[in-house]
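Open the model in your viewer and get ready to select aromatic side chains.

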Amino acid sequence: FSISTYNKMWADAQKDLDIQLRREREEFLQPEKDRVKVFKMLAASYIKYIQIFRSLETAHDHLVHRQKRTVIRQVLDGVIGRILEIKKEMVELEKSEFHYIDNILEDLKLLPEDIEVPIPRYFIKEKLEVLQQREKILDQVLLNTGLQTQKPVKGMTFEEAVKVIQVAERARQGRRRAASMKQVCLEEKRQRQTKLQVQTGPKPDDAATCIQKVWRGYIQRKKTENMREEEMIFLGMSLPPHLKAMSISQMHARQVNALQGEVPEGNEEAFIKDKLRETEGLDIKQTLQDQIGQCFIECRHILGKFPDYPSEEAGGSMAIFSQKTPEQVAAELAAKKEMALQKKDQKGKKEKGKEKMSGKTPLKTGKKEEEEGWKMAPSNFLSIMEEGNSQYKAIWQNRDDGWDFLQDHDPELIKEEKREEVEKEIRVQVDELMQQKLENLKLAVDGEKSAKQKKRRKGEKVRAASCENSRTIDSLYMELVEEGLLIKPKTVNLSDYVGKYSYLGTTLRQVDVEPMPSLADVRQLIALYGILPLGSQTVHEKAPVVKSLLLAGPVGVGKTMLVHAICTETGANLFNLSSSNIAGKYPGKNSLQMMLHMVLKVAKQLQPSVVWIGDTEKVFSKTVPKAGEEMNPKRLEKILPKFLQALKAQDRVLLVGTTNRPFDANLKPFCKVYQKIILIPRPDYASRFGKYFEWSLLWKHIILQNGGAITNSLNISCLAKVSDGFTQGHIVHAVQTVLSKLRLLQMPRKPLRTAEFTTSLATQDPVYKEEEETFK
């Protein structure tokens, strides 16, 4: 794929987004009473935004141009946030986390894979160095504390080492002997040909044929090279000769600049900023001084005194500086006086009205207004998308950069961005000068003295001193790792959680049967509630907040795997506060509070972070069994709500609980802590058997993953049918039991058979229907 392909993909996505924004302004502003129609509108918008999201994410990942990526990133954040807002509306409308839109997909001629929520790759790419450094530090701490040991290098015996050396040396000698014998044979052949030529001499026809052969080969190679070059120029994948000469000269100029140290590699923005400061800095400084001085004189003329200079926290000169004429300022003052007089008149009228109504009883307005119908809640992301859309139209839509092969940056656009930064830096310097000038003017003209700054500076020093003497994040991080509370997540991607979409959801709901969610639905919710908000700061701050998530399901359905997948996809830290992990650590109420304070502080500072509580039903259990009294699992029950209250919108910290017996918990406090509850069922037939689908699922996936091979002797359909009621964990255990090292060695001459897996599966207990109904 060339750059033009991804530019076109971006352009198509922006076009679709423009149409979708127009639809939102037209349809969602009107109230609607028909709930079925509302859900179809929301589902259609959700699907469209997912498609736009997929296109923008692909374009963002493959385009090299940094300024294009910045614009796409802004729109991407807006689209992700809007998807989460629409999802919230759909949940409130249907009172369910799971939605079945297979009939809408059929109308739109789309596959379920087309609305799979993608995981943006920039979540990890943008902070790859930080994550690698953090992982290195974590490994080192774990090694020092003995919690993790390096894999031992397998040693050889003396005889084995000698045998390996002998084999390698004999192979080397054999290769040398073969090469020398080949050389001898070629030399003998050459000598025989030379003798024949000396005896007979070359014929004129043979000499002419040889010359013709060489010449024709040379001419044909030249023609082929020219044809290939013309084709590459025609396809836009190579520069024409006149531009190629220019690019060579540009490259030479760049090399000279790099040698001189004027333009360091990858530091163009800083270079352009320095140039702007040199060329335009003095003009900006002089202009600001003149404008602020003129503002002082105008205020003195209108108000009769000089204004107070605002502090740096209040914005400095920006707070008083406005490009308004004295007439406009006078008009504003007159308008303020009129407003004040009007307020006084209204107060007088209200008091008179109260006196008149003092003897009367107030009217009761207890009647409920009629419902106007459903109306879309205001969005925090439409403005972001519209801003990105207008920026695309203004700058990039009609821009011809077909011959920009470097695709690095546009200096003019960087100048516009950096000019504001340079102006802000210079404004700080100008504020200091003009503040002193204002004090001198007040002293010279009005005879005033200002002592506010001294008081403020003293106050600032006191505050700065009081903020010191706190523990560093590094020491807290080390302590949490040593105590085993901060653990290393396993490298698992969300795509490894294989499962198929449910095609019968709408049909079952039409006959008043609530279908069990599929594994694809679970994967979607984990991406929407767990990964997307944690990966983007803008999305987390403005999207509907999800502070806590509960994954409930039988043993072996992949709850712990999903927790590790959230951390892998977002680069999040993983804190394990399970009852079994914190047993005996930080005893007492004060120590427990200190532990949670440490976790919260480190999680906020090194965000994103995931706080995981395994077997979380034990924290909220109605009665603690005697076997679990030593662990004291209920010690977190009262403090968890306070922990969640301390999380703000800007804190990318997610509390995730996993449980295989949620019905054992006291439901009232349990459901108050966990904002979203996701039921993870055992896999259905479509997920267990993947023959008629696009990729093999579960049985095929797990067998291939463990080194097995699929042959005609292995009936996957039979395995999928027999394993009804078993979870992914059961299937993994059965496959790993069968595919031992010895069995893998025998596999070429003894293919895998169905009976081997069914025998291993029969030794495990399935998930019975009664347990499944209890989960529902």
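Rings of Phe, Tyr and Trp (its six-membered ring) pair if their centres lie within 6.5 Å; planes under 30 degrees apart count as stacked, over 60 as edge-to-face and the rest as tilted. The model is predicted, so local features need pLDDT of at least 70, side-chain atom pairs count only at pLDDT 80 or more, and totals for chains, interfaces and linings use all residues. Residues are numbered from 1 along each chain as its sequence is written, and side-chain values use heavy atoms, leaving out hydrogens and water.

The pairing rule gives eight aromatic pairs. Select Trp-215 and Tyr-218. Their ring centres are 5.7 Å apart and their planes meet at 35°, so this pair is tilted. Both residues sit in helix H8 (residues 204-234), three residues apart, about one turn of the helix. Helices here are DSSP runs of H or I, at least four residues, and strands are runs of E, at least two, numbered from the N terminus.

Now colour by accessibility. Buried means under 20% relative accessible area, exposed over 50%, partly exposed in between (1.4 Å probe, protein chains only). Trp-215 is exposed at 53%. Tyr-218 is partly exposed at 40%.

Next, select Phe-620 and Tyr-674. This aromatic pair is edge-to-face, with 6.4 Å between centres and 70° between planes. The pair links distant parts of the chain, 54 residues apart. Phe-620 lies in the loop between strand E4 (609-614) and helix H23 (640-645). Tyr-674 lies in the loop between helix H24 (667-673) and strand E6 (676-679).

Buried or exposed, Phe-620? Phe-620 is buried, at 0%. Tyr-674 is buried too, at 1%.

Ring pairs join Phe-620, Phe-670 and Tyr-674 into a cluster.
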